[in-house]
Amino acid sequence: PPSVVLRGDDIIPGDAGGEPVEYYIVVKGVLLKHEDRSIALDDEAISQLLDVPEELCDPSTSGSLPEELIAIDSNSHPALCSQIRTFLESIADEVTSDAGHGGLEEKT
């Protein structure tokens, strides 16, 4: 899977409406390439969007992101955040499913 930096468990307390705000750090160039499209992104495009080297998002570094990254949230990009969440949930489901098998086949 891609190197994903999800700040989504990092849910920010909600605005006045009480809804939590999820946010993601993404590759700015990929976002700009796909931002004007009104169609859903495929898994490959989302993987590219989330292909953020973890060392660039180290919170111990200065408080700003490198120029090639940008933070988006569910207020600024609601549809995209929803697509990202669905994509990450599908990866988590695959990992959970694979882990449940433990690599051993059942003999019948």
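Visitor: Is H34 buried or exposed, and what is its relative accessible area?
Guide: The model discussed here is a predicted one. Residues count as buried when their relative accessible area is under 20%. H34 falls below that cut-off and is therefore buried, with a relative accessible area of 10%.

Visitor: With which residues is H34 in contact, once its neighbours within four places in sequence are left aside?
Guide: H34 belongs to helix 1, an element that spans residues 28-34. With the neighbours within four places in sequence set aside, the residues in contact with H34 are L41 and A45.

Visitor: In what order do the elements of the protein run from the N terminus on?
Guide: The protein contains three helices and two strands. Read from the N terminus on, these elements follow the order β-α-α-β-α.

Visitor: How many salt bridges does a search of the whole structure find, and which side chains meet in a salt bridge?
Guide: Searching the whole structure gives one salt bridge. Its N to O distance is 1.9 Å, and the side chains that meet are those of E22 and R85.

Visitor: How many residues apart in sequence are the parts that the pair E22 and R85 ties together?
Guide: The salt bridge is formed by the side chains of E22 and R85. E22 lies in the segment before strand 1 (23-27) and R85 lies in helix 3, so the pair ties together parts whose separation in sequence is 63 residues.

Visitor: Which relative accessible areas belong to E22 and R85?
Guide: The cut-off for a buried residue is under 20%, and that for an exposed residue is over 50%. E22 counts as buried because its relative accessibility is 11%. R85 is partly exposed, since its relative accessible area is 32%.

Visitor: Which residues gather in the patch of negative charge on the surface?
Guide: Helix 2 (43-49) and helix 3 (78-101) each supply at least two residues of this patch. D42 has its place in the loop between helix 1 and helix 2. The residues that gather in the negative patch are D42, D43, E44, E89, D93 and E94.

Visitor: Which helix gives the most to the negative patch?
Guide: Two helices, helix 2 and helix 3, each supply at least two residues of the patch. The element that gives the most, with three residues, is helix 3.

Visitor: What distance in space separates I25 and A71, C-alpha to C-alpha?
Guide: I25 lies in strand 1 and counts as buried, at 6% relative accessibility. I25 and A71 are 46 residues apart in sequence, whereas their C-alpha to C-alpha distance in space is 4.4 Å.

Visitor: Where is E67 found, and how far apart in space are E67 and K28, C-alpha to C-alpha?
Guide: E67 is found in the loop between helix 2 and strand 2 (69-73). E67 is exposed, with a relative accessible area of 70%.

Visitor: What distance separates the C-alpha atoms of L88 and S47?
Guide: L88 has its place in helix 3 and counts as buried, at 15% relative accessibility. L88 and S47 are 41 residues apart along the chain, and their C-alpha atoms are separated by 9.6 Å.

Note on methods
Residues numbered from 1 in each chain as written. Predicted model: local features only at pLDDT ≥ 70, side-chain atom pairs only at ≥ 80, totals over all residues. Heavy atoms only, no water. Patch = residues over 30% accessible without salt bridge, like charges linked within 9 Å, V, L, I, M, F, W, Y side chains within 5 Å. Areas by Shrake-Rupley, 256 points an atom, 1.4 Å probe, with all protein chains shown as cover. Salt bridge = Lys/Arg side-chain N within 4 Å of Asp/Glu carboxyl O. Lys, Arg positive; Asp, Glu negative; His and termini not counted. Charge placed at Lys NZ, Arg CZ, Asp CG, Glu CD. Helix = DSSP H or I, 4+ residues; strand = E, 2+ residues; numbered from the N terminus. Buried < 20%, exposed > 50% of the residue type's maximum accessible area, 1.4 Å probe, protein only. Contact = heavy atoms within 4.5 Å.
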